[in-house]
Amino acid sequence: MSLAKRKRVDTLNGHHNDKLTISVSDDSRDASEEDNDMLDTPSSVSSSHIGNGVNNNISMPAHKKSRSDITEDNAASSPDISPETLFVQNTSLSGKEKIEQIAKMYPFKINPPPTDRPVRIYCDGIYDLFHFGHAKSLEQAKTVIPNVYLLVGVCDDETTHKKKGKTVLNEKERAESIRHCKWADEVIEHAPWIVTQEFLDQHEIDYVAHDAIPYSSGDISDVYKFVKKQGRFLPIQRTEGISTSDLITRIVRDYDQYIRRNLERGVSPKELNIGFLKVC
């Protein structure tokens, strides 16, 4: 695996001061379970989803602890905190109260949100073959606290192909997919692969929303470390069991069936880049 590609931590280790101590595994660039495509030994677990609080049966590597387990462990030691109060949209809580609840679960500070204007939250990714895992991550960021203006950055083709590999959709198609998602208020094309202080200041971003597991790139152990230090990192949960890589794998696995399907629908062998023998 290229060192230029970000990596995320393998395991979630214990607790530190009643907060999550999070340690790096191979990553996805979006908040869906892209990293599972490079890991093995899945086991069935259950996880609570931020936003609507839907409990899903999900597939995860056996060595990775589910976020619901982590939340429940911390809730047991702090009876006033539960997965529901932390991660489910609760209109009885103000944005400041919701942030305070979430911050209790993590080993980094989270600033209180502004109260005199919309809260500017930023998500970024590749968003190739935009799917419900992508949509649910944006939903979490948009609805986790009230009055959010959600900015979504889409990495361009040049950077993505260099860092991660070929995409199915080009950068314009990927950005257009986000524009048609109801949770996104603004799309930023040619988003940086790694957010910088200049980028945060330029777009007046209050929080960067992503799952909290550290991401490394080259000699940087966690590309979000400076964001967390400033209290501008807002943790959300990944959607397990769906990823762009998984969708491509399904197509490749049933390649012959899709070839026949498209031929029957009038697509030419030349368009499919196949020869005469393959058609037979």
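Modeller: Here is a short tour, one topic at a time.

Biologist: Before we start, what am I looking at?

Modeller: This is a predicted model, where local features need pLDDT of at least 70, side-chain atom pairs count only at pLDDT 80 or more, and totals for chains, interfaces and linings use all residues. Residues are numbered from 1 along each chain as its sequence is written, and side-chain values use heavy atoms, with hydrogens and water left out.

Biologist: OK, Asp185 first. Where does Asp185 lie?

Modeller: In the loop between α6 (171-179) and β8 (186-189). Helices (H or I, at least four residues) and strands (E, at least two) are DSSP runs, numbered from the N terminus.

Biologist: And what does Asp185 touch?

Modeller: Leaving out residues up to four places away in sequence, Asp185 touches Lys142, Val148, Tyr149 and Leu150. Contact here means heavy atoms within 4.5 Å.

Biologist: Which side chain makes a polar contact with the side chain of Asp185?

Modeller: Lys142, at 2.6 Å. A polar atom of the Asp185 side chain also lies 2.7 Å from the backbone nitrogen of Leu150. A polar contact is a pair of N or O atoms within 3.5 Å; within protein, one must be able to donate a hydrogen and the other to accept it, and residues adjacent in sequence count only if both atoms are side-chain atoms.

Biologist: Why is Asp185 called partly exposed?

Modeller: Because its relative accessible area is 35%. Buried means under 20% relative accessible area, exposed over 50%, and partly exposed in between (1.4 Å probe, protein chains only).

Biologist: Leu150 came up. What about the core?

Modeller: The largest nonpolar core has 44 residues, and Leu150 is among those with the most contacts inside it, along with Ile121, Tyr122 and Leu138. Strand β7 (residues 148-154) gives the largest share of this core, 5 residues. A nonpolar core is a set of buried Ala, Val, Leu, Ile, Met, Phe, Trp, Tyr and Cys residues joined through side-chain atoms within 4.5 Å.

Biologist: And which residues is Leu138 in contact with?

Modeller: Setting aside neighbours within four places in sequence, they include Leu150, Val152, Ile178 and Trp183.

Biologist: What about Ser177?

Modeller: Ser177 is in helix α6 too, and counts as partly exposed because its relative accessibility is 21%. A polar atom of the Ser177 side chain lies 3.0 Å from the backbone oxygen of Glu173.

Biologist: Switching to rings. How many aromatic pairs does the structure hold?

Modeller: It holds 6. One of them, Tyr215 with Tyr224, is edge-to-face, at 6.3 Å centre to centre and 80° between the planes. Rings of Phe, Tyr and Trp (its six-membered ring) pair if their centres lie within 6.5 Å; planes under 30 degrees apart count as stacked, over 60 as edge-to-face and the rest as tilted.

Biologist: Are Tyr215 and Tyr224 buried or exposed?

Modeller: Both are buried. Together with Tyr106, Phe108 and Phe233, Tyr215 and Tyr224 form one aromatic cluster.
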